[in-house]
Structures are given as C-alpha cells and as structure tokens.
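Please look at the structure below and read the report that follows.

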Amino acid sequence: MGVELMNAGQLERRHRLTCNVIEMLTQIPSDRIQMKDVSERSGVALGTLYRYFPKKQQLLAAAMVEWSGLHVERLVVQEDPRMRQVGVRERVLLLHRREMKAFQRRPNFARLEIELHSSADDFVIETLDQRAAAHRTVLFELMDGIPAEVARVTSLAVGGTMLTALALWSSGRIGFAEAQRNVEDVISLVLRDCQNF
C-alpha cells in the first residue's frame, strides 16, 4: 500500500512498524529480524503488517529510509553554522562525515545498506531511488554555485565510493578509519578545483 493512499491511522501504524525495526536493528542484524516479532513489538496484527509490507525486505527498506532521516539531515545541514563558514568541499566533507559516523555507531545499518542495494525487489529499488534523489537534493544544495556536471559527477563518485567503503568495512576487510578516508579522498579529489565556491 502506497503511503499516499494511507489515512492518518495507517500512516501511524506504518511508522510504528518501521520504528520498531530500527530499534531492533540497533541490537540484532537484519537476518535475525522476524516479521512476527516486529508485529508483536509494534502492536500491529501480523496480517496488517503483511498488507503494508508483503516482504521483509520491503519493511527493512522502509525502515532504512526512516532511519536515514533525510528530512532531519536537510535541516541540520541548513542550520549548521559551520556550513555557512566553509567552502563547497568542506560542506560536502561535513555531510559525509556525519553519514559515516551514523553507520559506525550502527553497523547493522551498514550491512543492511549493502543487502538492500543488491535487491531485485521493485519496492526496494524504488524506495532506495527515492532516498537517493532526496540525498542528491541535499548534496546539490551544498554544492550550490558549482557547475552542474561537477555536482553530478561528485554525487556519482562519492555515492559509489561510500557504498564500496561500507561494504568493505562491514565485511571486516578494512577498518572504519580507512573506509572514511576513502570517501574523504574522493570528495577532496573531485572537488579540488572548487575552493572558491
């Protein structure tokens, strides 16, 4: 059921479901989350849960978007006084440091991010695409004034590097410091000629 078709009560139940998944992910990995447990913790009947999310991966994707909190991120970015005092490269670095730190504090979310990006489910793909579009909007606002092609390439390069860094870190192949450095190196390289913006 699409959120645009839901009434206030349905939206509240959906929110309760995703919030409980977020809480569970702070304690256990996504493969240990059971729909029955989410239903019980949320106080939402299992049949109702399945009407909202026919597959567990769809529920996980919705929870991931809720956790990402792009609407909150956007306000933080706009209201952070440091954002007005530094150039484009430093603004983009600040944003991605904040994102990487969130994953460091919640490694199950990093693993889920990788899992969801390999999904072939249409709902999951659409949900991640919507989140990516919202993130690009925030990122492009931070890069206001630089050429559109540079902003587009920056978004692609940083997004790809971040996903790879999270995959390598969450699988134990590199440490967190190296994962973060990889993302920051790409940002610095792609935006190296944008010092005056």
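Among contacts (heavy atoms within 4.5 Å) in the protein chain between residues at least 6 apart in sequence, 70% join residues at least 24 apart. The model is a predicted one, in which local features need pLDDT of at least 70 and side-chain atom pairs count only at pLDDT 80 or more, while totals for chains, interfaces and linings use all residues. Residues are numbered from 1 along each chain as its sequence is written, and side-chain values use heavy atoms, with hydrogens and water left out.

The protein chain holds eleven helices and zero strands; both are DSSP runs numbered from the N terminus, with at least four residues of H or I for a helix and at least two of E for a strand. Along its principal axes the C-alpha trace spans about 55 × 40 × 30 Å. Of the 197 residues, 44% count as buried. Buried means under 20% relative accessible area, exposed over 50% and partly exposed in between, with a 1.4 Å probe and protein chains only.

| H2 | 35–42 | Met35, Val38, Ser39 and Ser42 | 100° |

The arc is that of the directions from the helix axis to the C-beta atoms. Gly43 follows H2 and has a positive phi, near 70°.

H9 has 21 residues and reaches 30 Å from its first C-alpha to its last, close to the 30 Å expected at 1.5 Å a residue. The expected span is 1.5 Å times one less than the number of residues. At the start of H9, a side-chain oxygen of Asp121 comes to within 2.9 Å of the backbone nitrogen of Phe123.

Leaving aside residues up to four places away in sequence, Val124 touches Gln57, Gln58, Ala61, Leu116 and Ser119. The C-alpha atoms of Val124 and Val153 are separated by 24 Å, and the two residues are 29 apart along the chain.

How many aromatic pairs does a search of the whole structure find? There are four, where rings of Phe, Tyr and Trp (its six-membered ring) pair if their centres lie within 6.5 Å, and planes under 30 degrees apart count as stacked, over 60 as edge-to-face and the rest as tilted. The rings of Trp67 and Phe109 have centres 4.2 Å apart and planes at 15°, so this pair is stacked. Trp67 lies in helix H4 (residues 56–68) and Phe109 in helix H8 (residues 107–117), so the pair ties together parts 42 residues apart in sequence. Phe109 is buried, with a relative accessible area of 0%. Trp67, Phe103 and Phe109 form one aromatic cluster.

Technical notes
A polar contact is a pair of N or O atoms within 3.5 Å; within protein, one must be able to donate a hydrogen and the other to accept it, and residues adjacent in sequence count only if both atoms are side-chain atoms.
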